[in-house]
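Colleague: I have a file open and would like to go through a few spots in it. Can you take my questions one at a time?

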Amino acid sequence: MNPSPQYRRAVGTLAGLVVIWAIFGALTDTFLTGRNIQNILLQSANVGAVAIGLTVVMIAAEIDLSVGALEAMAGAVTAILLKFLEFPVALAVSMGLGTVVILGALNGLVTWKVRLPSFVATLAMLGVAQGGAFVLTNGRPVNRLPDAFRFIGTGTIGPLNAAVVSTGALFILTHIILTRTRIGRHLFAVGGNAAAAESSGINAGRIKLYALMYSGFTSGVGGLILSARLNAGDGRFGESDLLVAVAAVIIGGTSLFGGVGTMIGTATGVIMVVSIKNGLVLSNVQDFWQRIVIGLLIILAMVVDQVARGERSFLKRRRPGGASI
Amino acid sequence: MATDSMVPALAVEGLSKNYGAVQAVRGVDLEVFAGEIVGLVGDNGSGKSTLVRCVAGSQKPDEGTIRINGILQTDSNPHKVRLTGLEVVHQDLSLVDTLDIAANFFLGREKCIEIPGVSPFGFLDYGYMKKFTNQALADLGVNIGSIDRPVGFLSGGQRQMVAVARAITWGESIIILDEPAASLGVEQTKLVLDLVRRLADRNRAVVFISHNMQHVMGVTNRIVVLRLGRKVGDLRTRDTSAREIVELITGSDLGNPV
Ligand SMILES: Nc1ncnc2c1ncn2[C@@H]1O[C@H](COP(=O)(O)OP(=O)(O)O)[C@@H](O)[C@H]1O
Ligand SMILES: [Mg+2]
């Protein structure tokens, strides 16, 4: 892919990250330490995985509001299989992931075949999956999971945390799919102008199905990381990740209107949002202020983009014909 | 001009399409032979674009048949239709503004480096697609500068040239242009008209939709007139006049000279 506006936007996000690190580095002694940076990366691992799939969905000009709930679902299914049915780790993990990929496929099918906006389909799924996770776990955390499973969240591979390595690998894989493959190109085409993609013989509905399935998969990975780190399956897990992931993806430069987005931008956006959360904690700011700040950050990022859009005719000239159905 | 072949490249028979209560196209027949340029004219809303979308497989006709090079198109979709060598420049151009020119040129037919085992993904051959697009545009005499720019950065006329060049390059048998010169400047209009004539010389079947009588009279062999979804005229261009065509379009004997 040519180093076009998308990548210039990612550089902007990166600059923002540097500024935030500088601010918290100045405000606290503990922020800019190797240990805390590692902490930030670790805290970024699960929401990073979630944000990968969300980016893919948003490039296709759709949204997935069920990502956090799918995290909970994947963790709950896996925890139950491990704890009560004593499944081998590989099988339990596969079934946990398989479950949320199927739920992602349902999101996609409702969007494609029933022609409901993904906003509605995935909002419904948010309720179903989060409620389902509570039902499966009987409303209580299913904890004390096998060590082999916990490795996903707490183990290390060389100097790096296993969760960070998994999410990093997922970022690279997705970057390659987006920029190097035919299906990635079709994703951008469908998000950029679904009608044009269709008349070029691309099946837009099917591409959106794949995107929502992929989002199910990456949310599942995020959920497993979370459950492995916290040593439990729980319907409450992932509840706050939708806000963080959406904020990270938007800050990372993915367009709400589709057709634009990068993995580099999203990775930077995730680290930025997690850094802000982390920095606020280290600055002794009360917990709930984090959400307020992240909420405001979404607006800020959108405003900055709108100002930038004034100079970028291609976003301004978007015709109604290009809107997705 | 109809050539050796007696089978029309494109044969539409009794095609009808309704949008709810709106009868956009009503029982239209249309034949286009290889090497022939047929003008399709009619007032706004007379059903030209709807007819084109049905032929292109973007929309399902309610009634009627479509044959391409003699082969009946059943259960058609844009993917199947383009495999027959039929290309359309839709009125909305069907370009993805956020993708660059080369990407739009190869939209839905991306050239990939196939790697056994992972080929379902298909790795894009950027180098080939860029080179091919540059060459294709140069061959057609279309000059729009760097092909790395997103199409959304181009002017209306440049966008139209990309869409026209794309259709001409890939349409091996039939090319349908829905108002291809609507936002072009003088130079570009001349080029497009010239390209259309050259297509016929290369034995393509061409359907040319335009509101500009001068263009239609100047470039076509035959003119089909639609009014309120019905075909009301099918005349050889050399046997008719702009005045007669306008009368057919408006449905008045005293037609407004344009
Ligand atoms: N997608 C659509 N939905 C509803 N009505 C449509 C649609 N497309 C076209 N029409 C109607 O069908 C008729 C023919 O339109 P169209 O084929 O665009 O005509 P033309 O291209 O000759 O201007 C018009 O009355 C138009 O309003
Ligand atoms: Mg039209």
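**A few spots in the model**

Modeller: Start with B:Thr133, which is buried, with a relative accessible area of 0%. Keep in mind that this is a predicted model.

Colleague: Which helix does B:Thr133 lie in?

Modeller: B:Thr133 is part of helix α4 of chain B, residues 126-140.

Colleague: And what does B:Thr133 touch, not counting residues up to four places away in sequence?

Modeller: B:Thr133 touches B:Ile101, B:Ala102, B:Phe105, B:Phe106 and B:Ile147.

Colleague: Now the metal. Which residues coordinate the magnesium ion (ligand 2)?

Modeller: The donors are OG of B:Ser49 and OE1 of B:Gln91, at 2.1 to 2.2 Å from the magnesium ion. B:Ser49 lies in helix α1 (residues 48-56) of chain B, and B:Gln91 in the loop between β6 (86-89) and α3 (101-105), so the pair ties together parts that are 42 residues apart in sequence.

Colleague: Is B:Ser49 buried or exposed?

Modeller: B:Ser49 counts as buried because its relative accessible area is 14%, and the cut-off for buried is under 20%. B:Gln91, at 42%, is partly exposed.

Colleague: Staying in chain B, what is the order of the strands in the open sheet?

Modeller: The order is β2-β1-β4-β5, 4 strands with antiparallel pairing. The edge strands are β2 (22-32) and β5 (71-72), and each of these pairs on one side only.

Colleague: How many bridges are there between β1 and β2 of chain B?

Modeller: Strand β1 (residues 10-19) and β2 pair over 7 bridges, in the antiparallel sense. As for B:Tyr19, its bridge partner in β2(B) is B:Val22.

Colleague: Over to chain A. Where is A:Lys277?

Modeller: A:Lys277 sits in helix α12 of chain A, residues 263-282. With a relative accessible area of 24%, A:Lys277 is partly exposed.

Colleague: What is A:Lys277 in contact with, leaving aside its neighbours within four places in sequence?

Modeller: A:Lys277 is in contact with A:Val244, A:Gln290 and A:Ile294. From A:Lys277 to A:Trp289 is 12 residues in sequence and 9.0 Å in space, C-alpha to C-alpha.

Colleague: Last one. Which residues form the nonpolar patch on the surface?

Modeller: The patch is made of A:Val114, A:Leu116, A:Phe119, A:Val120 and A:Leu123, and together they have about 430 Å² of accessible area. A:Val114 is in the loop between α4 (89-112) and α5 (118-136) of chain A.

Colleague: Is A:Val114 buried or exposed?

Modeller: A:Val114 counts as exposed because its relative accessibility is 52%, and exposed means over 50%.

Conventions:
Residues numbered from 1 in each chain as written. Chains lettered and ligands numbered in written order. Predicted model: local features only at pLDDT ≥ 70, side-chain atom pairs only at ≥ 80, totals over all residues. Heavy atoms only, no water. Helix = DSSP H or I, 4+ residues; strand = E, 2+ residues; numbered from the N terminus. Buried < 20%, exposed > 50% of the residue type's maximum accessible area, 1.4 Å probe, protein only. Contact = heavy atoms within 4.5 Å. Donors = N, O, S within 2.8 Å, 3.2 Å for Na, K, Ca; no water. Patch = residues over 30% accessible without salt bridge, like charges linked within 9 Å, V, L, I, M, F, W, Y side chains within 5 Å. Areas by Shrake-Rupley, 256 points an atom, 1.4 Å probe, with all protein chains shown as cover. Salt bridge = Lys/Arg side-chain N within 4 Å of Asp/Glu carboxyl O. Pairing = 2+ DSSP bridges.
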